[in-house]
Structure formats: structure tokens, C-alpha cells
Amino acid sequence: MTPRDDSESSGPRRSRWSDLERPPLNAAALRRALVREGGLWRELDVVQRTGSTNSDLVARAVGSAGAGGLGEGVVLVAEEQSAARGRLDRKWVAPARSGLFFSVLLRPGDAVPMERWGWLPLLTGVAVATGLARAGGVDTALKWPNDVLVTVGGEERKAGGILAEASGDGGVVVGVGVNVSLRADELPVPTAGSLALAGAVSTDRDPLLRAVLRGLEDWYGRWRAAEGDAGACGLQEAYAAGCATLGRRVRAELPGDRALVGEAVAVDGDGRLVLATEAGVQEPVGAGDIVHLRAG
């Protein structure tokens, strides 16, 4: 079932424009700009409120498996999420229409070996960071593996996150959450940030979303054409150029209550973060929580 497009419903204007600084997304204009013959994006829905766009899209993909499957290129956008999740099941809370909250369904299929699918959240990070910089005029950086950072008052703050989940039918659902217009008193935690607080020249979500999705289409097409070889398609270099983790002393909190401290020196061909430890060895980290440590 296709989600109802509540952003264009005939409901009361007051419910749609209760905060005049946060107008609803224009779903029809987004479709005209992004959904085209031969392009990646073939369906785009905007819903007023849901629990989690990732959960909804995974459920749709799995539920349609018997009918030939849900096609690649479906985009689900929510004006508000009540049960948004980040990595490690962390909650993501934000006021209605204050950010970009969306998920996409991708099917790398036989074109990309499954062991290279780990690049998808990093690829999405590059698309998000560059799209926000171009359309919002704000400096962004990436924290390995899935955080989007901005600078607020001279401090590094997390303004966005990315979550990739297997849909169970051979696809991958990639979810993105970005704080756009949140004010200081609306931040869920003191270490969070938003594009507005970082001095963005524009917080208009329509062009921001268009820029991110166009960038994602471009990078995904390049990566898929290169059979997932991040080095050959330029993705590995682009990610390293925008990654704030590289060159930093970090602590990797690993599964099994282990921790590893070292300097982040590279992102390897498999998308893993390579740490140079005090023991003089370089150790790749494929999964874990990364903490940027202060110098000294």
C-alpha cells in the first residue's frame, strides 16, 4: 500500500502551517524534480507522521516480496517521526518539519558483491554532506561511519545520522535524519547541532532534499557501475576528503565490550576505519562506536 501524501491533503491549513517558519514539503514539486524516466528515483511519498521511515520501508519491501518485490528507488519521507532510530537503537527525536527524515530502498543486486555493500552508509554520507553544503551553504564533515557533523560556536556537533538495514529480500533500506531548523532549546542533547545553528544560508528543506537525493543518485550510479569498487569510482577518495575522523586520535568501542585506541589513518577498500595503535600495528575496524578524543 502506498502511504498517503498528507502534505498535500485538504486538511485544515492551521495543522499544516502551525509553525510558519517550518512549512511542509512540497511533495508534488519534489516528484517533478526527482522522479524521471531512466533515473534512480521512481516513487516518492511524503507522510505527515510515522514511527520510522526505515521500519515502514523495510516492511513494505518484505511485504511485497511475493508480488515480485518492491522496486529499487522508492523514497519515503516523513514530516515527523515518533520512533526514529539511529545506530545501536538510539532514539532520534526532533519537532515536526524541523529536519529531513527519509529512507530509500536500494538494490545493488548482482552488480555489486555483498561484501562491498558496507559502503552504502558511507556513500550516503558523502551525498548528504555535499548536498547540504551546496544547497544550504554550510560546512559539513563526516564522522566514521555514519554521522554528519557541523560546527556550532567553534564546537563539533552531530547534525545528522545514517542507518542502513537489510530489507530481508535482497535490498537495503538506507535512512537519513538531519536536523535543519532546530533551535538551541530544541536540541535533544547538548552535543547535537543543526544547520540553522551552524549558520546555514538556507534552511528551505525542499532544495536541501533535492540536492541530497540527486547526490545520492549520482554516487550510487558511479559505485554500482564500478561493481562496488570504492577506489575505482572515486568514492573512497571523496569520503576520506570529507571525513573528520581521519588524522584524529580516537577510541573504537567494539562488540564484546572491547575498546581500541589509536590514530585513525585511513578508510580501506572495504570501508573499514584503520587505526594505528600504540603497539605499532594498523588494525581495521569494521563495526563499532567511534569517540573522537581530545588532543593531548
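**Notebook: strands, a sheet and a pocket**

I began at one pair: Val250 stands opposite His292 in β14. Helices (H or I, at least four residues) and strands (E, at least two) are DSSP runs, numbered from the N terminus. The model is predicted: local features need pLDDT of at least 70, side-chain atom pairs count only at pLDDT 80 or more, and totals for chains, interfaces and linings use all residues. Residues are numbered from 1 along each chain as its sequence is written, and side-chain values use heavy atoms, with hydrogens and water left out.

**Overall**

I noted six helices and 14 strands in the protein. Of its 296 residues, 49% count as buried. Buried means under 20% relative accessible area, exposed over 50%, and partly exposed in between (1.4 Å probe, protein chains only). I also looked at contacts, meaning heavy atoms within 4.5 Å. Among contacts between residues at least 6 apart in sequence, 65% join residues at least 24 apart.

**β10 and its partners**

I checked how β10 pairs; two strands pair if DSSP finds at least two bridges between them. Strand β14 (residues 289-292) joins β10 in the antiparallel sense over four bridges. Strand β11 (residues 258-267) is also antiparallel to β10, with six bridges. In β11, Glu263 is the bridge partner of Arg249. β10 and β11 make a hairpin with three residues between them. In the turn, Gly256 has a positive phi of about 85°.

Which residues of β10 are on the covered face? I found Val250, Ala252 and Leu254 there. Arg249, Arg251 and Glu253 make the uncovered face of this strand (residues 249-254).

**Ala259**

I then went to Ala259, in strand β11. Is Ala259 buried or exposed? Its relative accessible area is 53%, so Ala259 is exposed. Leaving out residues up to four places away in sequence, Ala259 touches Arg251 and Ala252. Asp289 is 30 residues from Ala259 in sequence, and 9.4 Å away from C-alpha to C-alpha.

**The seven-stranded sheet**

I traced an open sheet with mixed pairing, in the order β1-β2-β5-β9-β8-β7-β6. Its edge strands are β1 (43-47) and β6 (141-143), each pairing on one side only. Neighbouring strands are turned by 20° against each other on average, direction ignored. Axes are lines fitted to C-alpha atoms, for helices over the stretch in contact, and angles run from 0 to 180 degrees between N-to-C directions.

Helix α3 (residues 53-63) packs on this sheet. I listed its contacts as β1, β2 (74-78), β5 (99-106), β8 and β9 (172-179). The direction of α3 makes about 20° with that of β5.

Strand β7 (residues 147-152) runs antiparallel to β8, with six bridges. Val148 has Gly160 in β8 as its bridge partner.

**The second largest pocket**

The elements giving two or more residues are α4 (120-136) and β8 (155-166). β8 gives the most, with five residues.
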